[in-house]
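This report describes a single protein chain from its computed geometry. The sequence and structure are shown first, and the discussion follows.

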Amino acid sequence: MAEEELTKPAAPHAVSARLRAARVAAGLSLADIAARTRIAARYLEAIEEGRFGDLASHTYVIGFARAYARTVGLEEREIAAAVRAELAAGEGPPRPHAVTFEPGDPARVPRPRLAWLAAFGALAVALAVIVLWRSFYSPEASLNELVPGPSATGSVAAVLPQAKAPSAAVAAAAAGPVAFTALEANIWVRFTDGSGKRLMEKQMALGESFTIPADADGPKVRTGRPDALRITVGGREVPRLAAKPVNVKDVPVSAAALLARPGASGGMAPAPASSAPSASPSAPAN
């Protein structure tokens, strides 16, 4: 291969001839130089033959020549200076032509595998941050907002129908304590008062109960499992806030509000005995 290269006519440019001679002496082909420099072989061939005008600009000519020289063991600064001198001496500006983006040109395109790995890595990091935030820092963040904002009274009842005015009997029964009991394990719930002060927030265990403090002003509840919370007022069970899993936010849970709900005042009955293990009421959160 080296003998065949030497039989070719020398390039008219001294620097081109030096590059070609160094390549042949090293036993390398243009394809070898292209693989090592990631420069298209046709550009390297144009440099070897002194066709500097085939490249887009002088910057490309000098940069590619430096890379070529470095690969074949020549002093790249010396080669770059020689290329500049030849361009200034008479090569003139390169012929203008459109610069196209060629996916097969290794000098201008990142490796597909590297690009895909970078994209998947960024996506994995973003998903990890979202999951960590939602599950660790804010467990209630997965509850979708069911209404655009608070009502005129400052509370939101997402799934409850309009409450009716309580009767005298209901008003009398409203003096009893309000207790919530978890019918399943790991039921996340938050209780606050009318000012937003947190009364209790946790994942309730199966059979665990929480009694609304008697001095709580305007207590409210937020949970995604209102169907799994049994409610009693004065020891008597009232209808649950929902019959299936649904997000509820800032639902009033005072005795008067619960007893004013449709169906709550007519059929109050003693709370049935539960097979779930009993648990003492949770203390209000500070």
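In which helix does Thr 37 lie? Thr 37 lies in helix 3; helices (H or I, at least four residues) and strands (E, at least two) are DSSP runs, numbered from the N terminus.

The model is predicted, so local features need pLDDT of at least 70 and side-chain atom pairs count only at pLDDT 80 or more, whereas totals for chains, interfaces and linings use all residues. Residues are numbered from 1 along each chain as its sequence is written, and side-chain values use heavy atoms, with hydrogens and water left out.

**Confidence.** The average pLDDT (the predictor's confidence in each residue, from 0 to 100) is 75, and 63% of the residues score at least 70. Two stretches are tabulated below, with contacts (heavy atoms within 4.5 Å) counted beyond near neighbours in sequence.

| Stretch | pLDDT | Contacts in the model |
|---|---|---|
| Residues 92-109 | below 50 | 33 contacts |
| Residues 274-286 | below 50 | 27 contacts |

Where pLDDT is low, the predicted coordinates should not be read in detail.

Thr 37 is buried, with a relative accessible area of 16%; buried means under 20%, exposed over 50% and partly exposed in between (1.4 Å probe, protein chains only). A polar atom of the Thr 37 side chain lies 2.7 Å from the backbone oxygen of Ile 33. Not counting residues up to four places away in sequence, Thr 37 touches Leu 44, Ala 67 and Thr 71.

Leu 44 is also among the buried residues of helix 4 (residues 41-48), together with Tyr 43, Ala 46, Ile 47 and Glu 48. The cover over these buried residues includes helix 2, helix 3 (30-37) and helix 5 (58-72). After helix 4 comes Gly 50, with a positive phi near 75°.

Helix 2 (residues 14-25) has 12 residues and should span 16 Å at 1.5 Å a residue, which agrees with the 16 Å between its end C-alpha atoms; the expected span is 1.5 Å times one less than the number of residues. Its buried residues include Val 15, Leu 19, Ala 22 and Val 24, as well as Arg 20 and Arg 23. Gly 27 follows helix 2 and has a positive phi, near 70°.

An open sheet of 4 strands has the order 3-2-5-8 with antiparallel pairing, where two strands pair if DSSP finds at least two bridges between them. Strand 3 (198-204) and strand 8 (248-252) are the edge strands, each pairing on one side only. Strand 2 (residues 187-192) and strand 5 (residues 220-223) pair in the antiparallel sense over 4 bridges. Arg 190 stands opposite Arg 222 in strand 5.

Conventions:
Polar contact = N/O pair within 3.5 Å; in protein donor to acceptor, adjacent residues only side chain to side chain.
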